[in-house]
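Me: I have a model open here and would like to go through it. Can we start with the backbone and then move on?

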Amino acid sequence: MCGIVGVTGSDPALPFLLDGLSRLEYRGYDSSGVALVDSDRVWVRRRAGKLAELTGAVGDAPRATAGIGHTRWATHGGPTEHNAHPHTDCTGALALVHNGIIENHLELGDELVSAGHELRSETDSEVLAHLIEAGMAGGAGLADATRAALARVEGSFAVAVVHAANPEVIVAGRRSSPLVAGRADGSGFVASDIPALLAATREVYVLDDDQIVEVGPGTLRVTTLDGTEVSPVRRRVEGDVETAEKGGYPDFMLKEIHEQPRAVRETLRGRTKGDRLTLGELELSDQELRDVDKVFIVGCGTSFHAGMVARHAIEHWARLPTEIEVASEFRYRDPVLDAQSLVVGVSQSGESLDTMEACRFARSATNKAKVLVVCNVVDSSMAREADAVLYTRAGPERGVAATKTHVAQIVAMELLALRLAHVRGLLYPEEVARQVEALHSLPTLIDGVLARSEEICDAATSYVDTRDFFFLGRGVGYPVALEGALKLKEISYARAEAYPAGEMKHGPIALIEPGTVVVAVATRGRLHAKIMNNIDEVKARGATVVVVANEGDDAAANHADRVLWVPAVPRGAELFSPLVDVVALQLFAYAIAKARGCDVDQPRNLAKTVTVE
Ligand code: M6R
């Protein structure tokens with residue numbers, strides 16, 4: 001996720017660009033840059049690091065009335081100055097900023113290099129600048145050349161382009177990645193998100209997929225990629241900047257819960273083609289993956305729970321012995337590690353000290369294990385120190401309670417499990433392709449849960465005054481139960497304990513009394529009948545039972561007092577069910593916390609990233 005901003009008809013343009021970027025920094029902040037259209041050239045300045053690095057480096061900028069800016073969150077190519085945007089074409093007359101992933105950038109890059117273009121970065125984005133350059137060299141205007149270039153892109157994009165030959169115009173377009181355009185008297189704007197425009201205008205238009213906009217001082221023209229003119233949809237904009245950053249949601253947590261279909265899509269993007277899995281940044285060769293004889297997964301909190309789901313996938317598909325350990329405990333026992341061990345460190349931030357130290361311990365000269373880090377923040381400390389990295393692409397997460405990064409972690413590790421199985425020759429290509437297809441159905445299934453938000457939240461509010469909750473699950477439902485309990489604890493401060501459902505009868509069932517609420521993850525799978533028995537056991541002792549069940553599962557409904565309905569994952573893809581089921585429990589916890597008047601974005605006593613032991 002990156003942030004884009006552009007302005008024309010603003011004298012000078014630079015302050016608006018810097019202010020806009022500061023409002024978009026939440027979308028990524030590993031590097032940034034601006035391009036100003038200065039008579040017959042485009043002046044570009046880029047810097048690695050936070051926006052402050054750029055702000056301190058633009059003292060010699062020319063006075064210009066049009067320009068574009070970008071704050072980056074790297075996906076292809078490290079967060080260095082030469083990978084920062086804007087990217088220029090070979091002539092230096094065109095500058096372009098991009099958010100998204102161009103899946104066919106290698107093919108396009110080869111074609112451009114053969115035609116004599118010089119690509120100077122490791123990004124997927126730069127090819128677009130040269131494609132547009134090629135179109136313009138063939139006689140097309142900026143807008144037509146941009147349309148033609150974007151039509152060739154496979155993947156997602158929001159782009160903005162300026163060219164010295166059209167000094168007052170910004171051409172911008174989008175597919176899947178967000179982009180809005182705005183207009184005021186004598187000026188025009190584009191941005192990834194409304195907050196970047198609010199200081200200048202409330203006349204904002206939202207672009208649809210495969211539309212481009214030509215913005216001039218006070219003018220705005222929207223067309224489809226084939227050039228047909230369309231009337232843009234005006235967006236009603238109310239409230240202050242923070243309200244706008246929340247995108248119409250009352251808090252970041254709810255916004256991020258709703259961003260989960262996108263987080264899954266982005267984490268999959270460009271990494272699967274039929275049975276072929278390309279985990280680009282993995283940096284472990286097939287042979288190294290084949291040499292692995294044992295996997296250890298380490299993480300904390302929600303990341304640990306994602307790792308628990310991954311253990312099931314790695315053992316099932318790749319048939320590798322897999323241990324999972326809370327990171328803060330891992331290095332204080334004597335795990336049996338060697339050069340054939342693969343340690344997977346899971347961390348949203350890539351900075352949690354417990355997980356970082358566990359990874360360091362695994363890679364130490366004594367233990368010699370290979371360390372693969374699954375994390376959401378490009379170039380985080382853990383990513384830099386690891387042998388290999390697999391990035392989740394959930395975008396920055398503002399709520400302290402992890403939601404969208406959790407589902408993205410599970411997706412990334414399920415891909416890893418399939419890749420391990422593939423290189424070890426344990427899954428037929430057709431089976432890999434079938435699982436990959438199921439993975440791609442998940443965003444729609446998660447949307448199915450989100451469509452039921454109101455009924456899930458209504459059900460949850462019946463339990464606002466409940467003191468004790470138990471969360472039960474079996475198989476991959478157990479980590480979902482753990483995560484549901486953690487969400488409820490951390491944001492509503494209710495007491496919530498999670499158990500493997502079959503374990504209750506060995507002790508914890510003594511705590512069940514009338515008024516205790518038991519939430520059971522009871523979606524279809526091979527342990528469905530068994531969890532129904534466990535539900536009956538707690539019900540017989542007076543518990544009120546809420547189940548997460550698949551739509552149409554009347555048997556589950558008959559065992560419960562309330563049902564949180566969720567869509568079923570495709571048959572044979574039960575290992576993916578946590579990605580759907582957990583969303584119901586996030587909403588359940590959210591509704592209770594809100595009804596209790598809690599601050600869900602910044603719960604008491606917690607920090608988003610814990611950098612102490
Ligand atoms: O950044 P990390 O994933 O390493 O953070 C780990 C935990 O601190 C984190 O998941 C924590 O449990 C969240 N508050 C859960 O919502």
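Reply: P12 sits in the loop between strand 1 (3-8) and helix 1 (14-24). The model is a predicted one. A cis peptide bond joins D11 and P12, with omega about 0 degrees.

Me: What is the peptide bond from H85 to P86 like, cis or trans?

Reply: The bond from H85 to P86 is cis, and its omega is near 5 degrees. P86 lies in the loop between strand 4 (66-72) and strand 5 (87-88).

Me: Why flag those?

Reply: Because most peptide bonds are trans, and most residues other than glycine have a negative phi.

Me: OK, phi then. What is the value for R319?

Reply: Phi of R319 is near 50 degrees, a positive value in a residue that is not glycine. R319 is in the loop between helix 10 and strand 19 (322-326).

Me: Is R319 buried or exposed?

Reply: Exposed: the relative accessibility of R319 is 56%, and the cut-off for exposed is over 50%.

Me: And what about phi of K368?

Reply: K368 has a positive phi of about 60 degrees and is not a glycine. Its place is the loop between helix 12 (353-363) and strand 21 (370-375). K368 counts as exposed, with a relative accessible area of 51%.

Me: Switching to the ligand. How many residues surround it, and which are the closest?

Reply: There are 13 residues around the ligand, and the closest are S303, S347, S349, S352 and E490.

Me: Which polar atoms are involved?

Reply: An N or O atom in the side chain of E490 is 2.4 Å from an oxygen atom of the ligand. A polar side-chain atom of S347 lies 2.6 Å from a ligand oxygen. For Q348 a polar backbone atom is involved, 2.6 Å from an oxygen atom of the ligand.

Me: How much of the ligand does the protein bury?

Reply: The protein buries 91% of the 410 Å² that the ligand exposes when taken alone.

Me: Which elements give two or more residues to the shell?

Reply: Those are helix 10 (301-318) and helix 17 (477-492). Helix 10 provides the largest share, three residues. By type, the shell divides into four nonpolar, seven polar and two charged residues.

Me: Now aromatics. How many pairs are there in the whole structure?

Reply: A search of the whole structure gives eight aromatic pairs. In one of them, W317 and F576, the ring centres are 5.9 Å apart and the planes are at 55 degrees, so the pair is tilted. W317 is in helix 10 and F576 in the loop between strand 27 (562-566) and helix 20 (577-595), so the pair links parts of the chain 259 residues apart.

Me: Are W317 and F576 buried or exposed?

Reply: W317 is buried at 4% relative accessibility, and F576 is buried at 0%.

Me: What about F469 and F588?

Reply: F469 and F588 form an edge-to-face pair, 6.3 Å centre to centre with 90 degrees between the planes. F469 is in strand 23 (residues 468-473) and F588 in helix 20, 119 residues apart. Both F469 and F588 are buried. Ring pairs also link Y463, F469, F471 and F588 into a cluster.

Me: Last topic, the overall layout. Which domains does the chain have?

Reply: The domain assignment gives domain 1 (3-245), domain 2 (256-442) and domain 3 (452-595). The centres of domain 1 and domain 3, taken over C-alpha atoms, are separated by 46 Å.

Me: And where is V449?

Reply: V449 lies in helix 15 (residues 429-450) and is buried at 0% relative accessibility.

Key: Residues numbered from 1 in each chain as written. Predicted model: local features only at pLDDT ≥ 70, side-chain atom pairs only at ≥ 80, totals over all residues. Heavy atoms only, no water. Near = heavy atom within 4 Å. Polar contact = N/O pair within 3.5 Å; in protein donor to acceptor, adjacent residues only side chain to side chain. Areas by Shrake-Rupley, 256 points an atom, 1.4 Å probe, with all protein chains shown as cover. Helix = DSSP H or I, 4+ residues; strand = E, 2+ residues; numbered from the N terminus. Nonpolar A, V, L, I, M, F, W, Y, C, P; charged D, E, K, R; others polar. Domains from an automatic or database assignment. Phe/Tyr/Trp six-rings, centres within 6.5 Å; stacked < 30°, edge-to-face > 60°. Buried < 20%, exposed > 50% of the residue type's maximum accessible area, 1.4 Å probe, protein only.
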